[in-house]
Amino acid sequence: PDMVALLAGTATAGVALQALLLALFWRRIGLRYRPDFRWRGVGLRDTGKMAGWTLAMILAIQIQGVIEVNVAGLASGTNASVFTLQNAWLIFMLPHSIIAVSLGTAYYTRMSTNAAAAKLDLVAADTGESLRRIGYFMSWAAAGLIGIALPFTTLFASTFQGVWDMGWILTVFAIGLPAFSGVFILQRVLFALNDGRLAFIVTMWQPVLLTALVIGCAFLPRNILALGIAASVSLVSIGWIVFGAVLVRRRLGVASLHMGRSFGKASAFGVFAAGVGMAVAWALGAYHESGWALTNLGTALIAMLVIGVAVTLVYVLLMAAFRVPELRDARGLLSRRARE
């Protein structure tokens with residue numbers, strides 16, 4: 001009970017702190033909060049429909065999660081299992097939570113405004129732009145995760161075998177990171193359009209297929225079962241964004257979202273940068289039991305920094321060489337922030 005209270009209490013305290021910070025920033029920009037109990041005409045009926053479809057999505061994903069945990073549990077003992085998968089997933093979610101959710105939230109406001117005004121051409125333009133940016137940012141993040149995978153997992157595993165297992169599971173998860181974050185954007189588009197039914201269809205494809213693949217993983221050798229689950233997640237994520245993009249494009253009534261070429265280019269940059277990152281990691285001893293990068297926490301952190309810098313430099317140079325517009329936009333944003 002004390003452990004549950006600690007976890008639940010700190011989570012609730014975190015949410016309360018977020019609310020307090022929002023209130024402070026609202027006051028700073030001149031927004032005032034005044035409770036209004038007039039319910040009629042505020043869109044509760046549409047909100048209720050959206051909430052219903054969202055609840056159905058959550059239930060489907062929870063069922064898939066229960067099956068995944070039980071299948072992964074078959075490998076418990078000396079092999080990578082539930083604990084390894086969950087920690088690798090938490091690391092995987094870091095760049096998604098920081099980058100993709102932030103970008104998605106910013107674009108969601110614009111999409112909602114344009115959707116309410118029935119300006120679907122502008123919604124489509126915002127969708128393509130956000131997906132292109134997500135593609136480049138998350139391919140860079142995926143390359144970085146792949147490079148630092150083994151040194152990073154020394155924070156969670158005390159043996160080389162544990163580091164090795166979790167590191168490769170994280171690597172396989174990271175392959176699907178750009179697609180996973182891209183689907184998050186597509187879902188925001190459908191929410192902006194108030195189309196909970198289509199959002200449900202797009203999302204349901206993932207837990208149904210993933211459940212089937214995870215059940216298939218139960219027949220794999222126990223020492224690679226968790227790796228098979230990670231590969232299934234990445235495979236489904238890649239198929240998920242293709243399926244979702246087709247449905248969203250049709251819903252918006254446009255011929256293209258103009259994101260396929262950018263996603264392909266970003267993926268190619270990511271593969272090259274990840275290769276460089278893995279080479280640097282190998283040189284630092286990350287793939288050897290007695291390697292310098294895995295000696296202790298300090299050497300692991302230094303190795304992660306060196307690998308991260310190498311991956312970033314290579315990725316930025318590739319973007320500059322191919323004159324990617326998103327790099328110019330990023331420079332402009334950083335310049336404005338610096339002046340502020």
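**Surface and core in a predicted model**

Let me begin with Leu20, which counts as partly exposed because its relative accessibility is 49%, and exposed would require over 50%. Please keep in mind that what we are looking at is a predicted model. Leu20 sits in helix H1, which covers residues 2-29, and together with Leu17, Leu21, Leu24 and Phe25 it makes a nonpolar surface patch of about 500 Å².

The largest nonpolar core has 94 residues, and the members that touch the most others within it are Ile169, Phe173, Ile229 and Leu252. The element that gives the most to this core is helix H4, residues 120-153, with 15 residues. If we take Leu252 and set aside its neighbours within four places in sequence, its contacts are Leu120, Val123, Ala124, Thr127, Val189, Leu193 and Leu257.

Staying with helix H4, we also find Ser139 there, and Ser139 counts as buried because its relative accessible area is 3%, where the cut-off is under 20%. Which residues does Ser139 touch, once those up to four places away in sequence are not counted? They are Ile134, Pro178, Ala266, Ser267, Gly270 and Tyr315.

Finally, helix H7 runs over residues 196-217, and its 22 residues reach 32 Å from the first C-alpha to the last, close to the 32 Å expected at 1.5 Å a residue. The buried residues of H7 include Leu198, Phe200, Val202, Leu210 and Val214, and among them we also find Thr203, Gln206 and Thr211.

Methods. Residues numbered from 1 in each chain as written. Predicted model: local features only at pLDDT ≥ 70, side-chain atom pairs only at ≥ 80, totals over all residues. Heavy atoms only, no water. Patch = residues over 30% accessible without salt bridge, like charges linked within 9 Å, V, L, I, M, F, W, Y side chains within 5 Å. Areas by Shrake-Rupley, 256 points an atom, 1.4 Å probe, with all protein chains shown as cover. Salt bridge = Lys/Arg side-chain N within 4 Å of Asp/Glu carboxyl O. Helix = DSSP H or I, 4+ residues; strand = E, 2+ residues; numbered from the N terminus. Buried < 20%, exposed > 50% of the residue type's maximum accessible area, 1.4 Å probe, protein only. Core = buried A, V, L, I, M, F, W, Y, C linked by side-chain atoms within 4.5 Å. Contact = heavy atoms within 4.5 Å. Expected span 1.5 Å × (residues − 1).
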